Amino acid sequence: QMLSLYEAMAPLGRNITHEEAGKCGAFLLSDMSAGVTAEILHLDGGYNALIFPEGTRSTTGEITEFKPVIGYLALTCKIGILPIYVHGTYEAFPKGMTIPAKDSFGAEIGAKVGRYLEYDDLFKMTDGISKNEAYRLIAARVQHEVENMRDGKNEKFDVAGIRKKWKAERRKTRRQEVVIDE
């Protein structure tokens, strides 16, 4: 009875295996776990989280590739994502500054709120693919939405196209041979 109760209440919707518990324990003991573990507890508690999926502030002001952790959190906690494009922060507070520079006072900072990405839609988009690729695909989807807001566009996200591109990139790196100059 207790296992059934835990299964019904668990974020994953199932009980975990001994192997998964061991891997989780190893992860929790690592330095990488602090932020992600706290965020899962936060989200499971019913709170919202504002996450900057690039993982750091940009050194150029350009958007860099979003980290897969956004996909991991969405699928693990069974939550949707509300993409928000925040602009003007690079000019106001560039990376490396501990306090804003005098000339950055008065910089225009703003935000655009995108369309909510439902958990069910994210799950359907990633159903049947590996977890790693699923997390990366969700990150790419969120980045696509943010870039659409930045550029004032409404282009559709091409799941098949991006997966094909990634597959070609993997093949290309496998084909590269090490050349040793004599």
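S104 lies in the loop between α5 (89-92) and β2 (110-113), where helices (H or I, at least four residues) and strands (E, at least two) are DSSP runs numbered from the N terminus. The model is a predicted one, in which local features need pLDDT of at least 70 and side-chain atom pairs count only at pLDDT 80 or more, whereas totals for chains, interfaces and linings use all residues. Residues are numbered from 1 along each chain as its sequence is written, and side-chain values use heavy atoms, with hydrogens and water left out.

With a relative accessible area of 8%, S104 is buried; buried means under 20% relative accessible area, exposed over 50%, and partly exposed in between (1.4 Å probe, protein chains only). S104 and A92 are separated by 12 residues in sequence, and their C-alpha atoms are 4.7 Å apart in space. When neighbours within four places in sequence are left aside, S104 is in contact with E91 and A92, contact being defined as heavy atoms within 4.5 Å.

The chain as a whole contains eight helices and two strands. Read along the sequence, these elements follow the pattern α-α-α-α-β-α-β-α-α-α. Of the 182 residues of the chain, 26% count as buried. Among contacts between residues at least 6 apart in sequence, 65% join residues at least 24 apart.

Helix α4 (residues 69-77) is mostly covered, with seven of its nine residues buried. These buried residues are I70, G71, L73, A74, L75, T76 and C77. Just after α4, K78 takes a positive phi of about 55°, and this positive value occurs in a residue other than glycine. K78 is placed in the loop between α4 and β1 and is partly exposed, with a relative accessible area of 38%.

The loop between α4 and β1 (84-87) also holds G80. In contrast to the partly exposed K78, G80 is buried, at a relative accessible area of 15%. G80 and E118 are 38 residues apart in sequence, yet the distance from C-alpha to C-alpha is 4.5 Å. Leaving aside its neighbours within four places in sequence, G80 is in contact with Y116, L117, E118 and Y119.

The axes of α4 and α7 come within 7 Å and cross at roughly 110°; axes are lines fitted to C-alpha atoms, for helices over the stretch in contact, and angles run from 0 to 180 degrees between N-to-C directions. The two helices α4 and α7 are therefore roughly perpendicular to each other, given that angles under 35 degrees count as roughly parallel, over 145 as roughly antiparallel, 65 to 115 as roughly perpendicular and the rest as oblique. The crossing of α4 and α7 is right-handed; a crossing is right-handed if the near helix is turned clockwise from the far one by less than a right angle, and left-handed if anticlockwise. In this contact, I70, G71, Y72, L75 and T76 of α4 meet A134, Y135, I138 and A139 of α7. By class, the contact of α4 with α7 has seven nonpolar, two polar and no charged residues; Ala, Val, Leu, Ile, Met, Phe, Trp, Tyr, Cys and Pro count as nonpolar, Asp, Glu, Lys and Arg as charged, and the others, Gly among them, as polar.

Helix α6 (residues 119-126) and helix α7 (residues 131-151) pack at an angle of about 125°, and their axes are 10 Å apart. The helices α6 and α7 are therefore oblique to each other, and α6 passes α7 in a right-handed crossing. Five nonpolar, one polar and one charged residues form the contact of α6 with α7.

T126 has its place in helix α6 and counts as buried, at 5% relative accessibility. Not counting residues up to four places away in sequence, T126 touches L75, A134, L137 and I138. L75 is one of the buried residues of α4.

Helix α7 is largely enclosed by the rest of the structure, because 15 of its 21 residues are buried. At 1.5 Å a residue, the 21 residues of α7 should span 30 Å, and the end C-alpha atoms of α7 are 30 Å apart, which agrees; the expected span is 1.5 Å times one less than the number of residues in the helix. Just after α7, G152 takes a positive phi of about 70°.
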